[in-house]
Amino acid sequence: MNNNKHWKIIDVILAALIGVIFGVLYFGFGLSWNAFVSLFTPLASFLSGHSLASSLSASLIAAQVTTAATTGLFMMAGPIAALILKKPGSAFLSNLIASVVEMVIGSAWGVLDIIWGIVQGAGIEAGFALTLYKKPRLGLWLSIVTGSIVSFVYHYFEKSYYKFDFAYVMILFLIWFLSILIFAGLMDLIIFKVLKKAKLVK
Amino acid sequence: MKPALKFILVFFIGLELAFIRSLWLNIFTIIGAMIYLLFKRVSIKKFIWIGLIGFVPFVGSWFMYFNLSIDHSAPFAWIMALRVYAYMFLGGVVVYSQTTTQLMRSFEQDLHMNPTFVYGILGALNFLPKMNRQIKIIRASGKMRGVRLTIFSPQLYVKAIYNSFVWSNNLSQAMYAHGFLEDAKRTHYQQKPLTCKEILEFLFMIILSIIASLIK
Amino acid sequence: MAVIEFHNQDINVEKKIILKKVNLSIDAGEFILLSGVSGSGKTTFINKIVDEYQQTAARVFQNPDQQFTMETPLLELVFLLENLRFPSQKIGQKIDEILREFHLLDKKNQFVYTLSGGEQQRLALAEAANLKSDLVILDEPFASVDRKNIAFLLDKVKDLKKAGKTIIVADHNPLIYQGLANRIFLFENQKVKILEKNNFDDFYQGFRYRNNFHLKQAHGNPRIKIQNLSVGFSNRLLLDNLKTEILNQENVLISGENGSGKSTLLKSIAGLQKYEGKIKTYGRLSLAFQNSSDSFLKTTVDEEIQLSKKKAFNHYLDDQQQIERWLKKLSLDKLLESSVYTLSGGEQKKLQILLLVIQAPEIVLLDEPFSGLDKKSVLNLISLLQESRSTKIFISHQLFGLDKIISSAYLIKNKKLIKMENIS
């Protein structure tokens with residue numbers, strides 16, 4: 001907003017509040033995601049004649065695909081905050097607050113939320129940092145790339161994807177990237193454009 | 001232990017859990033966190049809540065890692081399944097054993113974080129219930145005008161962000177009206193300086209967690 | 001000695017001129033009353049003073065959401081005293097002193113948002129009084145405070161004046177400050193007019209008016225049935241066992257002291273508030289939120305109007321020509337392409353009600369629909385609302401003009417809803 005590098009208290013509050021919005025909404029995503037995947041998929045597979053054990057694990061494959069497909073939703077806070085505030089650190093701060101809020105409300109991931117928040121926030125921040133915060137639009141697209149790579153590499157180790165078939169992992173990455181492109185990229189851009197049309201941002 | 005140190009400790013163990021596959025680290029973390037929460041007199045209801053929401057990911061993780069991993073290793077499946085609860089109880093330590101205000105003030109006093117960030121973030125976090133209500137109001141007003149707003153409607157976000165603009169402006173003015181100024185010195189109510197003993201405790205716990213993670 | 005001076009200065013917000021050629025000065029120890037409808041520039045004027053003269057001036061705001069920064073009165077005062085660099089060991093004792101003086105000691109660790117309107121403003125004034133600032137600014141401080149608390153707070157304000165502080169108050173009801181103000185600044189048509197003491201009588205006289213209500217017995221089918229309705233708010237009971245029936249096409253006024261539960265009742269009817277008992281509504285319902293921007297869903301004025309036309313439930317007013325006539329009457333016709341978020345508070349209110357009348361649900365709930373509007377706009381809006389055949393419930397603390405539309409009235413008093421035979 002005003003002079004670029006220096007953070008005034010109003011900027012901190014705004015970045016954190018944007019995080020709070022998404023934290024509140026993430027919790028909604030997280031819950032409905034869990035409920036959907038954990039109840040629907042095993043039930044469907046169990047009813048179609050599979051054993052309970054194989055139904056449950058089938059549900060987790062579905063879960064991994066769903067995780068990949070919804071990743072973008074969980075990375076929307078950072079880019080929009082960076083587009084609005086145009087300050088170093090705004091994407092990171094906003095994404096981190098969003099995940100802290102999600103943990104505080106009580107998601108099934110506990111401390112993982114915060115670690116994810118930091119990893120995703122850092123990934124997105126990197127894209128904007130590459131342009132030195134001078135070209136927000138370019139920064140957005142770069143952040144989609146850096147955000148996808150950083151978060152997926154982290155996920156690869158955390159979830160031990162090296163135990164799985166490589167082709168399967170590559171498909172997951174593709175879905176992962178598309179999700180981030182659609183939600184954190186396109187959706188955030190649309191939101192930003194509406195804000196601009198409403199004369200709320202410059 | 002000082003809330004900020006506790007937060008860093010929990011975060012550190014969380015990172016270890018993410019990268020090191022150790023059954024004992026998982027078990028020690030769960031037991032340790034449970035004892036700590038009991039010691040802090042956290043209500044039994046919260047234990048049950050953690051137990052319930054973690055159950056599905058717990059069972060699911062076991063079967064997935066057992067079936068999907070190339071070597072079908074049961075110990076590996078147990079590690080990944082127990083990890084779900086390790087993360088949740090660690091989360092419980094941060095969320096249930098202190099207030100957000102205590103945590104943020106500890107960041108300010110013990111780790112010398114910039115007060116602008118401490119109080120900006122704290123002020124925004126205090127808006128959590130209001131944000132929740134505001135999002136309900138936005139959706140209700142959409143419904144009254146015949147428009148269904150979902151998480152895929154840009155308008156939902158636009159309106160929530162509009163409210164953030166208004167509130168950040170209001171809240172920052174209120175901060176100034178409380179005598180707050182960026183970069184100004186402040187005194188601290190009931191400050192207890194960080195003691196050597198607390199730092200040692202912290203280091204001890206870190207070392208303990210590393211040892212646990214190395215047990216095969 | 002002048003502490004604040006403006007010499008022929010224009011005051012802008014985002015390049016839009018709000019006040020033209022302001023020429024005035026305020027002396028130390030003066031008590032200044034700011035008057036004018038909302039949108040006339042009072043708050044802009046205050047913000048300008050704060051920006052230019054003293055960023056950390058003591059302030060009491062109208063809206064408690066805007067007032068407090070921490071969760072409890074204790075933490076609020078800790079934050080304040082730390083900012084003032086009060087010696088650490090003495091903070092605890094000082095806080096108890098302050099809370100005792102403002103009768104809040106038993107609320108020390110209660111969440112601020114669970115306090116009543118009166119308690120919240122007592123805390124706000126306690127903070128303003130203890131901030132080491134010679135300038136105290138009160139912006140509509142009593143908007144949600146009952147009479148008893150207003151008297152208490154006014155005494156404290158008098159103490160501040162005696163202590164030599166410069167006090168600036170903006171209030172839509174200046175009658176409260178009769179006898180206190182040294183000068184009145186009148187905000188009108190982008191100008192600030194200064195009234196000296198000898199002109200006060202005429203000014204105050206203008207704020208007294210007589211209404212002529214004709215309440216009548218309603219007939220018809222019920223629109224809203226309320227049975228055994230109780231609403232509690234954390235540990236206080238706000239509404240106790242209400243019972244009534246509101247009939248088709250009635251225009252109902254609900255009055256009551258600030259903080260008596262009027263908004264809560266509307267929210268309960270709209271399903272936005274938890275309650276015990278039974279509320280049944282017959283027909284589609286819309287609530288005009290007190291914060292009018294909450295009702296908007298699109299970006300420009302025109303888009304909003306088209307949306308309401310498209311989603312109209314009934315067709316009382318949906319002819320384009322008629323709409324354009326009303327747009328003109330409400331001075332919104334030149335703003336069709338403007339963003340709804342850049343409209344002034346008054347323009348937002350007018351648009352909100354126009355949209356509601358176009359959409360025409362069977363039941364309309366209006367929460368302070370006219371606050372801050374000038375008399376002409378209020379009369380225009382009331383004749384607009386008369387065109388609609390919806391059943392309407394009004395909450396309004398100003399009664400001006402409402403006698404033209406209201407057909408029955410209730411009073412909320414001591415947690416009960418009382419049907420009134422007449423309004424005096």
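How much area is buried between chain B and chain A, and what share do carbon and sulfur atoms give? The area is about 5,600 Å², and carbon and sulfur atoms give 83% of it. Buried area here is the accessible area (1.4 Å probe) that two parts lose on being put together, summed over both.

This is a predicted model, in which local features need pLDDT of at least 70 and side-chain atom pairs count only at pLDDT 80 or more, while totals for chains, interfaces and linings use all residues. Residues are numbered from 1 along each chain as its sequence is written, chains are lettered from A and ligands numbered from 1 in the order in which they are written, and side-chain values use heavy atoms, with hydrogens and water left out.

| Interface | Residues in contact | Buried area | Carbon and sulfur share |
|---|---|---|---|
| Chain B and chain A | 67 of chain B, 62 of chain A | about 5,600 Å² | 83% |
| Chain C and chain A | seven of chain C, six of chain A | about 490 Å² | 59% |

Contact means heavy atoms within 4.5 Å.

Start with chain B against chain A. On the chain B side, Y157(B), I161(B) and F165(B) lose the most area to chain A, together 12% of what that side buries. The rule finds two salt bridges across this interface. A salt bridge is a side-chain nitrogen of Lys or Arg within 4 Å of a carboxyl oxygen of Asp or Glu. R83(B) and E158(A) form such a pair through their side chains (3.4 Å, N to O). Six residue pairs between chain B and chain A are in polar contact, both at pLDDT 80 or more. A polar contact is a pair of N or O atoms within 3.5 Å; within protein, one must be able to donate a hydrogen and the other to accept it, and residues adjacent in sequence count only if both atoms are side-chain atoms.

Which helix gives the most to the side of chain B that touches chain A? That is α8(B), with 17 residues. Helices are DSSP runs (H or I, at least four residues), numbered from the N terminus. The touching side of chain B divides into 47 nonpolar, 15 polar and five charged residues. Here Ala, Val, Leu, Ile, Met, Phe, Trp, Tyr, Cys and Pro count as nonpolar, Asp, Glu, Lys and Arg as charged, and the others, Gly among them, as polar.

Now chain C against chain A. T299(C), S339(C) and Y341(C) lose the most area on the chain C side, together 59% of what that side buries. The rule finds one salt bridge here. K197(A) and E303(C) meet in a salt bridge through their side chains (2.6 Å, N to O). The touching side of chain C has one nonpolar, four polar and two charged residues.

**A residue of α8(B)**

Q155(B) is found in helix α8 of chain B. Is Q155(B) buried or exposed? Q155(B) is buried, with a relative accessible area of 16%. Buried means under 20% relative accessible area (1.4 Å probe, protein chains only). The side chain of Q155(B) reaches the backbone oxygen of L297(C) at 3.3 Å. Q155(B) also touches residues including V194(A), K298(C) and T299(C).

**Helix α3 of chain C**

Of the 11 residues of helix α3 (residues 73-83) of chain C, 10 are buried, so the helix is largely enclosed by the rest of the structure. Among the buried residues are P73(C), E76(C) and F79(C). The buried residues pack against α5 (100-111), α6 (115-125) and α8 (154-177) of chain B, together with α4 (91-101) and α5 (117-130) of chain C. R85(C) follows α3(C) and has a positive phi, near 55 degrees.

Key. Buried < 20%, exposed > 50% of the residue type's maximum accessible area, 1.4 Å probe, protein only. Helix = DSSP H or I, 4+ residues; strand = E, 2+ residues; numbered from the N terminus. Lists of a residue's contacts leave out its neighbours within four places in sequence.
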